[in-house]
Amino acid sequence: MTKEYKTISQIAGPLIFVEKTEPVGYNELVNINLPDGTTKRGQVLDTSNDIVVVQVFEGTGGLNRDCGVRFTGETIKLPVSKDLLGRILSGAGEPLDGGPRIVPEDRIEITGAAINPYARLPPKDFIQTGISTIDGMNTLVRGQKLPIFSGSGLPHNEIALQIARQARVRGSNEPFAVVFAAMGITNEEAQYFMSDFERTGALERAVVFLNLADDPAVERLITPRLALTAAEYLAYEHDMHVLVILTDITNYCEALRQMGAAREEVPGRRGYPGYMYTDLASLYERAGVVKGRKGSVTQFSILSMPGDDITHPIPDLSGYITEGQIVISRELHRKGIYPPVNVLPSLSRLMNSGIGATRTREDHKAVSDQCYAAYAEGKDLRGLVAIVGKDALSERDKKFLEFADMFEDRFVRQGIDENRDIETTLGIGWELLAELPEAQLTRIDNKYIQKYHPAHKAKQE
Amino acid sequence: MKNKGEIYRISGPVVIITGLNTKMYDVVKVGNEGLMGEVIGIEGDKSTVQVYEETSGVRPGEPVENTGMSLSVELGPGLLESIYDGIQRPLPVLKEKMGDFIKRGVSANGLSREKEWDFVPMIKKGDKLNGGDIIGTVQETKNIEHRILVPPAISGTVSEIKKGKFKVDEVICTLADGKTLTMMQKWPVRKPRPVSKKLTPSTPLITGQRILDGMFPVAKGGTAAIPGPFGSGKTVTQQQLAKWSDTEIVVYIGCGERGNEMADVLYEFPEIKDPKTGRPLMERTVLIANTSNMPVAAREASVYTGITIAEYYRDMGYDVSLMADSTSRWAEAMREISSRLEEMPGEEGYPAYLAARLSEFYERAGKVKALSGKDGSITVIGAVSPPGGDFSEPITQNTLRIVKVFWALDAKLAQRRHFPSINWLNSYSLYTKALGPWYDEHVSPDWVKLRNDAMELLQKESELQEIVQLVGSDALPEDQQLTLEVARMIREYFLQQNAYHEVDTFCPMDKQFKLLKSIMSWGDKAHNALDGGAPIEDIMKLKSKDDLAKVKYEKEFDTALGVILKTMEDEFAKLRGK
Ligand SMILES: Nc1ncnc2c1ncn2[C@@H]1O[C@H](COP(=O)(O)OP(=O)(O)O)[C@@H](O)[C@H]1O
Ligand SMILES: [Mg+2]
C-alpha cells in the first residue's frame, strides 16, 4: 500500500497542489480520498521535490485540504480483454452497463507510444462507405484518420452512423469493430448512437465510452485515450479492423483549454494552449496499419466547427494532422440535401493510394478531378449570375452552371439508407459529365472517354 | 559541483536538474533509464534540460549524468538511404530494439559499427593535410562517391594512410603528431560547418515542376519557402522536389508531420528512379522523420540534424537540396519548450529568439567553396503551415524576410483541384534575373521573354476577370475574350501539373519550353486570325486547342506535339482562307 498524504496546499480549478511528498513520477495516476469515503482520480502534471501538481479527472468539487492523496506509482492503464466488445463504459473506463468488471488479459498504458514510422504500412485498402461524395470524391482507406468537420445542428451523427453501418472493404466481408467515444455530447445524442448500434446489432462488436455533457470536463482528456487504447488492442492483438468514432473533438479541445487556463499557461492562438497541435497529434496519429499485423485502426471522428469557421484553431490544427476532412455544409443542409457534404473544401489525402484500376476503377481519379473542377466552376458562376443574370453567360458557362445544380441534386444527394457501390457512384458522375461539351473534359484521358463516356459507351454496346 | 546530479523537477519534456556541472547544449542522460536530453538553460546550480524522449513515470531524485558533449551527429558513409528520428537514431534499429512502437531509453548509433566500407586513399605518407581536405573515397551507393574529409579543426602531416575494408570507427590515417582519423566524424548540430567562402548562386535547381522551373525558379544554393493552409499542397510539392530535383543529394526532414507520409516516402523512394542516373531515388536520399506524435524536443533538433548532414555532403563538393516539412512545427516545438521554461513570450507566444533561429537556419544554405576547394551547395526549401492559412502570422512573415523565393499556396486553387496550387500572382523569385544567362545558354535565348510574356498575360487576365465579375464575359470585346482563353490555356495546360500522373509528374526544361511556346504561339495565331476577320466562335472550336490540353500527358511528347503543331498550321491557314 502506498503512503497517503494529507498535504494538499492549494486547490485551483481542476488542479490540486500537494506538498512534502516522497518523489512522485511525472504523469503518475493519483487517487484522492474524500472525507465522505468516495475516491477521485487524477494525474500528475508537474512534479518536484517541493510540490506536485495533480489534475483531478472527476473535477475538484467536494475536495478540501483534508483529503488524502495516494500516488499509485504507475501511469494510467486500461485493463483490456476481448470481452471489451459489447461493453459500455464511462469516460473514465468504469462499466456503466451493470456488467461485471473487465477481467484483464493485459493492462495497457493509455498514452500510447508513437508508431515507429518505419513500422507503418502506407494505408491503401479502399473502404466503400456507400456515400458518393466520400467514395467517389474523398475516398476513405483502412488506417486513415478522416474527420467530419461539421457544425451545430447539422446531420453529422447520421452520416457517421451511416458510415458505421455501411463501411466495407470490398472483396472482404469482415465487419469493422467499432470503438465509440463520446466526449461531452448530450445524453440524447448518445442515445441516438446507442439505439442505432442496438438496432443494427453493431453493439456486439462495439466498445462504447461515454463522457456526457454533464460529466466532468477533465475526464474528457482521458476518454479518447482509453478508446484508442482499446482500439489498438483489438487491432494489433486480435487482428480486427477497428473504426474509431470520437465525438466531439471540439469538447475535448475545450477541456484542454480549461486545463491550460487553470495552470495559468501562456495561451496560444485564441486562448488554446500552444501545445494543442502536439496533443491532438497524440490522438489522431494513433490511426494506421502496422507492418506484419493484420488489424488496423481507422478514425472517423466528429468535430463541430465553432461558428462554422474552418480557420478556428480546433478544425485548423486538426486539418493539419488528419489525412483530410469531410466538410458538412449548412447551405446544402438548408437546401434539404442529405448528406450535405461540401466536396470543395473536403479532401482525402490517401485517396490516390486507395483508388485506380486494381482498387476501384481506372477512371476514378479522372472522373473525380473533372467533377471537382466543373462543380467549382459552376458554383463560381452562381455568384456571377446573381449580379449579371443568366443571359449574360456564354453557352459554355450555362452548361457549367447547370452541372453544379445537377451535381448537388444527383451526386451529392442520396438516401440515409442508400448504399451505393463505387460503380454506381462513378456511373452517376459520368452521366453528369456527359452533359458538358466533350472538349471541356480536359482532366480525362481520351481512352477513358472512349470507354466510359455514355455517348461512346452506347456506341460500343 | 560534479558530473553526477539529480532530477529536481519534471514537467513534460522539460526537466530541471541540480548538482550537476553543465555547459549550455551539453547532452545529459536523465533518470534511471538514461533518457537523452540537452541543457538549454542554467540558473544557479539548476540546469534546465529538454528531454528527447517521453518522461512519464520519471521521478525527482533520479540521477543525471553529463556526457560533456554537445548534441552531435555522426558523419560518414552509411548516411544515405537511412531514415532517422530527430536525433539521428536509425528508425529500423529502433524497431529492431523496441518493436513497432517507439519506447524509450534506447540509444542507437547514427552509423552502423558493423558495416565495412572499401576505402580508397587519395593521399600518401608525408602529405600535409588541412581541415576539410579529402583523404580518400568510399563508394557509398552505386552513384555516390563518399569523400572522406579531414575534420575541420584538424591538420598535420600524414604518417600512415591505409587502404582496404574498414568499419567507420577504425583508424585509416595517422598524423605525425599521433592524431588519428576514421571515416566517421562527429559534428555538433547547432554549429554551422565552416567553409572557405560563400559564392553567389547562378544555376537553377531544376525540379521538373513547370510552375517552379518556369515561373519562380530557385537557384542551387538558394532558399525558398512554401507556405499554405492544410491541404494546399506543401507536402506533395516538397516530395516532388525531393523526387525530381537535380541535386546529387537530398535530405528530407519530416518535422512534426504525419507518420503515413513518411511511410509513403519509404515505400516509394526505393521504387522510383532518378531521371538523371536511373538509380533508385533512395540511394541519394537521407530521411529524417520526427512525426507530430514523437517527442517534441527531438522535433526541435530534427532540423539541425538535417542541415548538418546536408553541410557534410556539401563539403564533399556536392549539390544538396534540403526540404523541411514543416518549419512551423519546428517553431512550435521551440514555443512549447519555451513556455514550459516560462520564458517571456513574444508574438503569438513564440519565443523572442524565433526570428534569429529561423535566419540562422536559412543562413546555412548557400553555394560555397568548401574547405577542400570544391564547390558545393545547399538549397533549402521550407514548408510553412500558417494557422488558418493566414500569411500575416509570425513564422510566415519572419521566413519571408529571409528567403528569396516565395511559393504562395492558395486554398482556392486546391479546392478546384488546380495543382500545384501555387498562386502565380502572389509568388515570386528573386533569382530570375541572376539565372537569365543560364536559360539563354541551356534552354533557349527565347525562354526568358516567353516566360515574361506568359506572366504578363496572366496578370492581364486577372484585371479582365474583375470586369467579367461585373458584366459577364460575353460583354467583353472579342480580342479580350481571346486573351482570357489563352490565359486559361496557360493555367490549365501549362501551370497545372498532376503529381500522380506517370508522365506529367516530371517535366524536363526542354518540354516546358516547347509546351509554353506552342500555347503562346497558338495565342498569337488566334489573335492574327481574329484581326483578319475570322469569327471568334470558329477560333475557339479549333481542334488544335483541345489537343494542346492533353499533350503534356503523352509519353511520346515530341511526336504528339509535332502532329498538333501541324494541325494548328492547317487550321489557321484554313481560317485565313475563309
Ligand atoms: N501537384 C499535385 N498534383 C496532384 N495532386 C496534388 C498536388 N499537390 C497536392 N495535391 C493534392 O492535394 C492534397 C493535399 O496536399 P498536401 O501536399 O498533402 O497538402 P499540405 O501538405 O499543404 O497539407 C494531396 O493529398 C493531393 O491529393
Ligand atoms: Mg503537409
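Figure 1. At 2% relative accessibility, A:Asp316 is classed as buried, because the threshold for burial is a relative accessible area under 20%. The structure shown in this and the following views is a predicted model. A:Asp316 belongs to helix α7 of chain A, which spans residues 313-321. With residues up to four places away in sequence set aside, A:Asp316 touches A:Arg269, A:Ile310 and A:Thr311 in chain A, and B:Phe230, B:Pro387 and B:Gly388 in chain B.

**Figure 2. Ligand 1 and the residues around it.** Ligand 1 lies between chains A and B. Of the 16 residues around the ligand, those that come nearest are A:Arg349, B:Gly231, B:Lys234, B:Thr235 and B:Val236. Helix α3 of chain B (residues 234-244) supplies the largest share of this shell, 3 residues. By residue class, the shell around ligand 1 comprises 7 nonpolar, 7 polar and 2 charged residues.

**Figure 3. Backbone contacts of ligand 1.** Polar backbone atoms of chain B approach ligand 1 in this view. An oxygen atom of the ligand is 2.7 Å from a polar backbone atom of B:Gly231, and an oxygen atom of the ligand is 3.0 Å from a polar backbone atom of B:Gly233. A nitrogen atom of ligand 1 is found 2.9 Å from a backbone N or O atom of B:Ala499. On its own, ligand 1 has 550 Å² of accessible area, of which the protein covers 95%.

**Figure 4. Helix α6 of chain A and the position of A:Leu283.** Helix α6(A) is largely enclosed by the rest of the structure, because 8 of its 9 residues are buried. These buried residues are A:Met276, A:Tyr277, A:Thr278, A:Asp279, A:Leu280, A:Ala281, A:Leu283 and A:Tyr284. A:Leu283 is situated in this helix, which covers residues 276-284 of chain A. The relative accessible area of A:Leu283 is 0%, so A:Leu283 falls under the 20% limit for a buried residue. Apart from neighbours within four places in sequence, the residues in contact with A:Leu283 are A:Pro224, A:Arg225, A:Leu228, A:Tyr252 and A:Gln299. A:Leu393 stands 110 residues from A:Leu283 along the chain, and 49 Å separates the C-alpha atoms of these two residues.

**Figure 5. Strand β5 of chain A and its pairing within the chain.** Strand β5(A), residues 39-48, is mostly covered, with 9 of its 10 residues buried. Strand β4(A), residues 28-33, runs antiparallel to β5(A) and is joined to it by 5 bridges. Within this pair, A:Lys40 of β5(A) stands opposite A:Ile32. The hairpin of β4(A) and β5(A) has 5 residues between the strands, and A:Gly37 in this hairpin takes a positive phi near 95°. Strand β6(A), residues 51-56, is likewise antiparallel to β5(A), with 5 bridges between them. Here the hairpin that joins β5(A) to β6(A) passes through 2 residues. A:Val52 in β6(A) stands opposite A:Thr47.

**Figure 6. Pairing of β5(A) with chain B.** Strand β1 of chain B, residues 4-11, is joined to β5(A) by 2 bridges, and the two strands run antiparallel. The residue opposite A:Thr47 in β1(B) is B:Ile10. A:Thr47 also faces A:Val52 of β6(A).

**Figure 7. A three-stranded open sheet in chain A.** The 3 strands of this open sheet follow the order β12-β11-β14 and pair in the antiparallel sense. Strands β12 (140-141) and β14 (168-169) are the edge strands, each pairing on one side only. Strand β11(A), residues 126-128, is connected to β12(A) by 2 bridges in an antiparallel arrangement. A:Phe126 has A:Val141 in β12(A) as its bridge partner.

**Figure 8. B:Val503 in a loop of chain B.** B:Val503 is placed in the loop between helices α12 (478-495) and α13 (509-531) of chain B. At 17% relative accessibility, B:Val503 counts as buried, because the limit is under 20%. Not counting residues up to four places away in sequence, B:Val503 touches B:Lys511, B:Lys552, B:Tyr553, B:Glu554 and B:Lys555. The C-alpha atom of B:Val503 is separated by 42 Å from that of B:Met122, a residue 381 positions apart along the chain.

How values were computed: Residues numbered from 1 in each chain as written. Chains lettered and ligands numbered in written order. Predicted model: local features only at pLDDT ≥ 70, side-chain atom pairs only at ≥ 80, totals over all residues. Heavy atoms only, no water. Near = heavy atom within 4 Å. Polar contact = N/O pair within 3.5 Å; in protein donor to acceptor, adjacent residues only side chain to side chain. Areas by Shrake-Rupley, 256 points an atom, 1.4 Å probe, with all protein chains shown as cover. Helix = DSSP H or I, 4+ residues; strand = E, 2+ residues; numbered from the N terminus. Nonpolar A, V, L, I, M, F, W, Y, C, P; charged D, E, K, R; others polar. Buried < 20%, exposed > 50% of the residue type's maximum accessible area, 1.4 Å probe, protein only. Contact = heavy atoms within 4.5 Å. Pairing = 2+ DSSP bridges.
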